[in-house]
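Let's take a friendly walk through the aromatic rings of this model and the charges around them. Have a look at the structure first, and then we can go through it together.

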Amino acid sequence: MLMKMNPLVSVLHLYDVVNAPGVTADVSHMDTGAVVRGFLGQPQLENALTGMDLVIIPAGVPRKPGMTRDDLFKINAGIVKTLCEGIAKSCPNALVNLISNPVNSTVPIAAEVFKKAGTYDPKRLLGVTMLDVVRANTFVAEVLGLDPREVDVPVVGGHAGVTILPLLSQVKPACSFTPEEVEYLTKRIQDGGTEVVQAKAGAGSATLSMAYAAVKFADACLRGLRGDAGIVECAFVSSQVTELPFFASKVRLGRAGAEEVYQLGLLNEYERVGLEKAKKELAESIEKGASFIKK
Ligand code: LMR
């Protein structure tokens, strides 16, 4: 629905293994510019993807209380593999926004699928970590007594627990926090997804704030594809910022996708410790994803 409202979208294809016709009929009545078509089930995947410039993948099962994102690997890894094989075949030049969890592993899965198919372009594969930024902006604004729209918190690393590393020393507008505030904010941002999973008590994870964040990121990608200058957002991408092959940091979005991946900048001691923890878990998640395809 939010993509149907985006003026940069001319054609919107909705694909799912259930309910796609109903959702398509519903959304198609909105008097916005995008033409909507629905596609149901794997036999229609090829048609769904043909001609697409941007593919957003939110597919898969959500967490229940007590689960980590990694507990979703078994089911979601196969779903992401199938969808990425479809992309490699039908729209190999599309920008891919990957939301399906565990993002720290599904992005490496996608990369390996594309490598196998000979279509891999690291600039065009983006793991969506925008929800971490959205949460960080909200929680930091609350503490500072500011409007969240005025706050910009870089969040680097990955998209699960300690791999989510908010750089509170780099918040804009410039500000300072007490050690207690840093501890509270870091933990709340890292556990934001779990906070929603627990509140929903078995009925899934974040869908509304996730949709908001996904569309905010997709819009940035579309503006980049259009050639707008200065579009910078955080995303989990192929990276040389650390020794890991994938890492979330600020990237400049352009016609080619993530055209520039920015360094982390100056970190304080608290963030350096957090970075080491994040890298340790990330290394395992990345390896798990890559070897799912390689084996
Ligand atoms: C989130 O951050 O809300 C999503 O990754 C869903 C989840 O399982 O936490």
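Is Phe 292 buried, partly exposed or exposed? Keep in mind that this is a predicted model. With a relative accessibility of 33%, Phe 292 counts as partly exposed, because that value falls between the cut-offs of 20% and 50%.

Now for the ring pairs. A pair of aromatic rings is described by the distance of the centres and the angle of the planes. Two aromatic pairs are counted here. In one of them, the ring centres of Phe 73 and Phe 292 are 5.6 Å apart and the planes meet at 90°, so this pair is edge-to-face. Phe 73 belongs to helix α3 (residues 73-90) and Phe 292 to helix α9 (residues 269-294), so the contact ties together parts that lie 219 residues apart in sequence. Phe 73 itself is buried, at 8% relative accessibility. There is also a charge to look at: Lys 288 lies over the face of Phe 73, 4.7 Å from the ring centre.

Next, turn to the strands. Phe 236 and Phe 246 make a tilted aromatic pair, with 6.1 Å from centre to centre and 35° between the planes. Phe 236 is in strand β8 (residues 231-238) and Phe 246 in strand β9 (residues 246-254), 10 residues apart. Phe 236 is buried, with a relative accessible area of 0%, and Phe 246 is buried as well, at 8%.

Finally, find Arg 188: its charged end sits over the ring of Phe 139, at 3.9 Å from the ring's centre.

Definitions and conventions:
Residues numbered from 1 in each chain as written. Predicted model: local features only at pLDDT ≥ 70, side-chain atom pairs only at ≥ 80, totals over all residues. Heavy atoms only, no water. Phe/Tyr/Trp six-rings, centres within 6.5 Å; stacked < 30°, edge-to-face > 60°. Helix = DSSP H or I, 4+ residues; strand = E, 2+ residues; numbered from the N terminus. Buried < 20%, exposed > 50% of the residue type's maximum accessible area, 1.4 Å probe, protein only. Lys NZ or Arg CZ within 6 Å of the ring centre and 35° of its normal.
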